[in-house]
Amino acid sequence: MTPALTGADIRGRHLRRRQARDRLMRALLWCSALAAVTPLLLLLMFVVREGLPAFRPSLFTEVPRPLGESGGGVKPAVVGSLIMVGLGTFIGVPIAILAGVYAREYAGSRLATVIRFLIDVLAGVPSITIGLFVYGLLVAPMHTFSGLAGAVALAILIVPTVARVTDEMLALVPRSVREAAYALGVPRWKTIARVVLPSAKVGIATGVVLGVARIAGETAPLLFTALGNRTVSTSLVRPMDALPLRIYVYATGPYRSWHQQAWAASLLLVLLVLGFSLITRLLLRRRAPGPD
Amino acid sequence: MAQDPSAPAAVTEQQAIPLVRGVAFGEQEAPRVSQAATRLDVANLHAYYGARPALRDVSLTVWPNSVTAIIGPSGCGKSTFIRCLNRLHEVTPGARVEGRVLLDGDDIYGAGVDPVVVRQRVGMVFQRPNPFPTMSIFDNAVAGLKLAGIRNRELLREVAERSLRRAALWDEVKDKLHAAGGALSGGQQQRLCIARAIAVEPEVVLMDEPASSLDPMSTLKIEELMRELATSFTIVIVTHNMQQAARVSDYTAFLLAGEERVGELIEYGPTARIFTNPRDPRTEQYITGRFG
Amino acid sequence: MTAAPYEPGRVRALLARRRPGFGEPIFRIVVLLAALTVLATIIGLVVTMTVESRRGIAHNGWSFLWTSTWDQVRQVFGALPFVYGTVMTSVTALALAMLVGVGVALFLVELAPAWVARPVGFMVEMLAAIPSVVFGLWGIFILAPWLQQHVELPLHQRLGWLPFFSTYPTTAVGNFAAIVVLAIMVLPTVAAVSRDVIAAVPRSQREAALALGATRWEMMRLGVLPYARSGILGAGILGLARGVGETMAVTMVIGNSPTITLSLFKQGYTMASVIANEFTEATTALYRSTLIEIGLLLLVITLLINVGARLLVWRVTGGQPSGGALQ
């Protein structure tokens with residue numbers, strides 16, 4: 001410590017130290033942003049690189065060849081995913097939208113909080129336990145794994161996503177729209193069903209698209225419900241294949257050709273998910289500058 | 001203030017008002033032969049938001065085939081008052097009404113009265129134009145009929161044209177009836193809302209500051225329209241614009257909120273008298289511009 | 001004004017003839033039923049799993065929770081290795097994810113110019129949308145081998161005296177790979193919720209700090225983070241819940257071996273992955289029931305974690321649902 005230091009010196013030195021720390025922390029924050037986006041970019045890069053070679057039409061139109069033989073495709077999985085995601089959406093979405101309507105339009109504020117809480121709780125249930133639940137609910141009593149059980153599991157998974165979005169989107173419909181309908185002597189339920197819900201349809205559609213993208217990629221709830229199937233099956237009471245299931249089986253299997261097909265199927269799933277997310281972005285953006 | 005229910009209009013001063021319209025305009029002295037001779041008798045009306053009172057003990061009679069203006073500074077409960085006349089006040093969570101409103105003698109707050117039926121008989125136009133965002137101009141105009149399940153296309157077309165003509169909008173929109181209602185200008189949107197309100201043939205039309213968000217030209221059009229509509233309907237208009245009240249109304253009610261922000265009826269009478277010879281000093285202060 | 005002659009009455013009469021009907025009560029009942037379906041699903045979930053696991057519960061007793069033998073041949077079951085594996089991997093992964101996730105959240109709200117914030121925010125959201133099984137695939141074939149060569153080996157060579165790095169990383173799959181994959185998967189949850197709570201800090205807090213001559217970092221540390229602390233904690237707990245329940249990717253990269261070890265380079269097992277891996281091969285009813293018992297345990301743990309996190313986040317954001325892109 002040199003005694004000749006003045007207060008201004010100390011302040012200056014202190015300030016320089018503070019500024020240095022500020023620069024350091026800002027650099028670290030930039031680094032964390034970099035660290036957050038790098039895995040996505042790497043993952044996408046590898047999925048494209050490894051998936052492209054086997055990403056051919058035959059992948060989706062041919063059935064798997066016998067063990068170890070190369071070639072063939074994952075048609076059973078494509079068909080099964082379409083059926084189960086479609087049916088799951090068909091079952092889950094109406095329930096979710098109506099539950100969202102109840103939370104926003106009918107429940108009093110206290111009950112609405114309870115419903116929202118339940119929806120959040122359901123959203124937080126691990127998807128594998130949904131699989132176990134549906135196993136106990138459908139598979140064990142029916143004595144068979146089935147596409148129906150898979151679809152029901154996916155339906156349960158889509159409910160919280162869509163219900164939450166419906167609830168939020170209904171809140172954005174201006175009160176003036178509801179009142180306009182009431183003032184015409186339109187009953188409340190008709191106001192909701194014919195005026196309020198259509199006004200929120202773009203937002204709700206976004207939620208549905210997000211939900212579909214999510215359940216299309218789910219594996220865990222299908223393990224003990226749909227089980228998987230190496231042949232094309234459209235029967236709802238027999239085991240059914242799904243893309244994520246097939247990826248899991250192929251990725252953990254020993255054959256090189258399986259690995260290639262797993263990558264290619266992953267590429268399809270990722271394209272689907274990214275495409276859906278982009279669609280929702282566009283939908284929301286188009287809607288943003290609307291009135292009120 | 002206990003009153004004999006059979007004589008709600010016992011508010012004596014109003015009984016004394018002769019059924020003469022347009023004194024301020026120097027038009028005919030005798031009341032017109034009315035087509036929709038519906039009168040509204042408001043007796044001891046109190047309105048609350050939760051525990052907080054917003055209106056205290058308002059009693060007045062709205063005469064058939066006339067324009068009645070409700071004036072007063074902002075926050076005096078004008079809007080709350082007319083929202084009590086078609087049971088729209090109670091739509092706000094926690095809001096509640098005491099007292100009676102007789103529509104041609106029937107209490108709209110009576111036991112077993114369906115608010116939906118009340119709102120069919122008492123239409124409303126809001127402060128800001130609120131056409132249904134998802135409907136075309138045509139569908140907006142006949143929304144009340146369509147939502148009530150009337151599907152007769154010929155009737156719908158006839159009613160749409162008639163209402164749009166009545167709202168002085170037909171010539172401007174007849175070539176784009178299937179365009180979105182939101183694409184019109186603010187003034188056109190408001191006339192569309194008027195067309196929508198009168199398409200269901202209500203007996204009374206309530207207008208909550210219908211021109212406050214419009215430019216002067218559109219305002220003029222709406223004012224002309226109000227005079228014209230008064231030949232068939234009973235009209236109640238809320239306005240903070242005293243010139244407007246003087247121009248269009250036959251009767252004027254002045255509401256004022258005191259220290260505790262609870263609106264009360266200060267004075268009610270023929271517009272000409274209220275504006276030339278107010279009986280209450282507070283009315284005089286207001287119309288000469290001494291409060292907000 | 002050329003109004004057509006008005007013939008009142010026709011529409012009015014038509015409308016007056018319509019009776020209200022049962023639309024309102026029916027609609028009300030339908031939406032109520034839909035809301036009750038959510039409740040029924042949660043109750044059904046707990047009840048079904050309890051019923052299905054009662055054989056296991058009866059056979060295994062309470063010691064199930066703290067014993068670690070897992071022998072389906074002798075039918076001796078202890079869940080401790082799985083509970084340990086789940087807790088160890090998800091807590092460590094969460095610590096990593098919090099470090100990066102809170103940083104990203106601060107970056108997005110406080111630092112990044114809009115042209116950077118938008119794509120970065122979008123990419124972090126995308127990360128949440130990638131299916132778990134795709135993470136697993138990438139983990140097995142790309143990430144785990146790379147980590148083994150470039151992270152695990154050097155760590156073992158330099159810091160091998162630490163118990164965490166004491167074993168030689170013989171296989172690519174193992175606890176360490178699982179932790180890294182989990183951290184990546186939990187990151188979007190942590191980042192999104194933290195962003196919401198940080199954005200909810202009133203501007204006056206920031207301005208007060210800046211007015212005292214604080215640097216940007218000091219403003220974040222003094223004006224923003226203290227205010228957002230409990231919300232960020234909530235974000236962490238939500239992330240934990242996601243990590244605890246995560247199944248596929250972990251199953252694919254953790255090695256699936258029921259050992260309790262401090263070493264990050266050994267293989268491990270989690271509750272979710274033992275179910276995923278063994279359920280369809282479980283031949284006896286007792287074995288199956290025991291796996292469902294683990295599922296029930298997992299369900300109870302995640303429910304408790306979720307409820308705690310929601311309460312914390314709700315307190316900060318004022319009862320609005322959080323974690324979505326739509327705020």
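## A walk through three chains

Let's start with Asn256(C): 20 other C-beta atoms lie within 10 Å of it, so this residue is buried. Keep in mind as you look around that the model is predicted. You'll find Asn256(C) in the loop between helix H10 (248-253) and helix H11 (271-278) of chain C. Its phi is near 55 degrees, a positive value in a residue that isn't glycine. That's worth a second look, because most residues other than glycine have a negative phi.

Stay in chain C for a moment and find helix H7 (residues 175-199). Its 25 residues, at 1.5 Å a residue, should span 36 Å, and the end C-alpha atoms are 35 Å apart, which agrees. Where does H7(C) bend? The bend comes at Val186(C) and is about 35 degrees, with a proline, Pro188(C), following within four residues.

Now hop over to chain B. It has 12 helices and 10 strands, and of its 292 residues, 52% count as buried. Take the contacts in chain B between residues at least 6 apart in sequence: 69% of them join residues at least 24 apart.

So how are the strands arranged? In chain B, 10 strands make up an open sheet with mixed pairing, and if you read across it the order is S5-S4-S1-S2-S10-S9-S3-S8-S7-S6. At the edges sit strand S5 (106-107) and strand S6 (122-125) of chain B, each pairing on one side only. In general, strands of a sheet pair through backbone hydrogen bonds, either parallel or antiparallel.

Let's zoom in on S7(B). One of its partners is S6(B): the two run parallel and are joined by 4 bridges. Here Val125(B) stands opposite Met207(B) in S7(B). The other partner to look at is strand S8 (residues 234-238) of chain B, which runs parallel to strand S7 (residues 204-208) of chain B and is joined to it by 5 bridges. In that pairing, Val204(B) has Thr234(B) in S8(B) as its bridge partner.

Is S7(B) enclosed or open? Its residues are buried, 5 of the 5, so S7(B) is largely enclosed by the rest of the structure. In a regular strand, side chains alternate between the two faces of the sheet. In S7(B), both faces are covered: Val204(B), Leu206(B) and Asp208(B) are buried on one side, and Val205(B) and Met207(B) are buried on the other. From S7(B) the chain crosses through helix H9 (residues 216-229) of chain B to S8(B), making a right-handed β-α-β crossover.

Another helix to spot here is H2 (residues 78-85) of chain B, which lies across several strands, including S1, S3, S7 and S8 of chain B, and runs at about 155 degrees to S8(B).

Chain B also has a loop residue to check. Ala168(B) sits in the loop between helix H6 (153-166) and helix H7 (170-173) of chain B. Its phi is near 55 degrees, a positive value in a residue other than glycine. Ala168(B) counts as buried because it has 20 C-beta neighbours inside 10 Å.

Finish in chain A, with Ala205(A) in helix H9 (residues 201-216) of chain A. It has 18 C-beta neighbours inside 10 Å, so Ala205(A) counts as partly exposed. Along the chain, Ala205(A) and Thr280(A) are 75 residues apart, yet their C-alpha atoms are separated by 8.2 Å.

How values were computed. Residues are numbered from 1 along each chain as its sequence is written. Chains are lettered from A and ligands numbered from 1 in the order in which they are written. This is a predicted model: local features need pLDDT of at least 70, side-chain atom pairs count only at pLDDT 80 or more; totals for chains, interfaces and linings use all residues. Two strands pair if DSSP finds at least two bridges between them. Two residues are in contact if their C-beta atoms, placed from the backbone, lie within 7 Å. Axes are lines fitted to C-alpha atoms, for helices over the stretch in contact, and angles run from 0 to 180 degrees between N-to-C directions. The expected span of a helix is 1.5 Å times one less than its number of residues. The bend at a residue is the angle between axes fitted to the seven residues ending there and the seven starting there. A residue is buried if 20 or more other C-beta atoms lie within 10 Å of its own, exposed if 12 or fewer, and partly exposed in between; C-beta atoms are placed from the backbone. A crossover is right-handed if, with the strands pointing away from the viewer, the path from the first strand over the helix to the second runs clockwise.
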